[in-house]
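Morning, everyone. I'll take you through one model today, helix by helix. Here it is.

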Amino acid sequence: MVVSPPLLDIEPEQRDAVVRKWLAQTFRTYPGQVFRFLGESQDPFLNPVGRVLKEGLPVLFDELAGAFDKDRIRPPLDEIVHIRAVQDFTASEAVGFVFLLRQILRNELRSEEHTSELQSHSFIS
């Protein structure tokens, strides 16, 4: 197996901030007061969507910004897309949460150190 170098070299605090914002923006894609429930309810049986997002987005971020191991990406991505696909989302909306990450990265990683990194990746730039 070939391990590629990390896409982004960010501090753990920055990583946590990016993931929290990505999660919050993904929750906001849900209608009405649902997004509040998703973020607030800690019971995985009452809030399976929130659980899947809270567990899956950090894994996706780590792999998208890191080694990009498709075997680690596939399970959480499949689970999130499947849940969103059976809800009232169009196909593009079901996968649209992935693209929310682009603007978050642009906003969070504007330092000189990361500017060249961001510009070198077509997903982000």
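The contact uses Leu57, Leu60, Phe61 and Leu64 from α3, and Phe97, Leu101 and Leu105 from α6. Contact means heavy atoms within 4.5 Å. By class, that contact has 7 nonpolar residues, no polar and no charged ones. The classes: Ala, Val, Leu, Ile, Met, Phe, Trp, Tyr, Cys and Pro are nonpolar; Asp, Glu, Lys and Arg are charged; the others, Gly among them, are polar.

Now the geometry. Helix α3 covers residues 48–65, α6 covers 97–108, and they pack at about 60° with axes 12 Å apart. Axes are lines fitted to C-alpha atoms, for helices over the stretch in contact, and angles run from 0 to 180 degrees between N-to-C directions. So α3 and α6 are oblique to each other. On the cut-offs, under 35 degrees is roughly parallel, over 145 roughly antiparallel, 65 to 115 roughly perpendicular, and the rest oblique.

A word on the source. This is a predicted model, where local features need pLDDT of at least 70 and side-chain atom pairs count only at pLDDT 80 or more, while totals for chains, interfaces and linings use all residues. Residues are numbered from 1 along each chain as its sequence is written, and side-chain values use heavy atoms, with hydrogens and water left out.

The overall picture, then. The protein has 7 helices and 0 strands. Both are DSSP runs, numbered from the N terminus: helices are H or I, at least four residues, and strands are E, at least two. Of the 125 residues, 33% are buried. Buried is under 20% relative accessible area, exposed is over 50%, and partly exposed is in between, with a 1.4 Å probe and protein chains only. Take contacts between residues at least 6 apart in sequence: 60% of them join residues at least 24 apart.

Next pair. The axes of α1 and α3 come within 10 Å and cross at roughly 135°. That makes α1 oblique to α3. This crossing of α1 and α3 is right-handed. By class, the α1 contact with α3 has 11 nonpolar, 2 polar and 3 charged residues.

Then α3 and α4. Their axes are 9 Å apart, at an angle of about 145°. Here α3 passes α4 in a left-handed crossing. Residues meeting there include Val52, Leu53 and Gly56 in α3, and Leu77, Ile80 and Ile83 in α4. The count is 13 nonpolar, 1 polar and 4 charged.

Which residues touch the most other members of the largest nonpolar core? Trp22 and Phe61, out of 26 residues. Such a core is a set of buried Ala, Val, Leu, Ile, Met, Phe, Trp, Tyr and Cys residues joined through side-chain atoms within 4.5 Å. Helices α1, α3, α4 and α6 each supply at least two residues of this core. The largest share, 7 residues, comes from α3. Leaving out residues up to four places away in sequence, Trp22 touches Leu57, Phe61, Phe97 and Leu101, among others.

Last stop: Ile80, in helix α4, residues 70–85. Ile80 counts as buried because its relative accessibility is 1%. Beyond its neighbours within four places in sequence, Ile80 contacts Val52, Leu53, Gly56, Leu57, Leu60 and Phe97.

Note on methods
Left-handed = near helix turned anticlockwise from the far one by under 90°.
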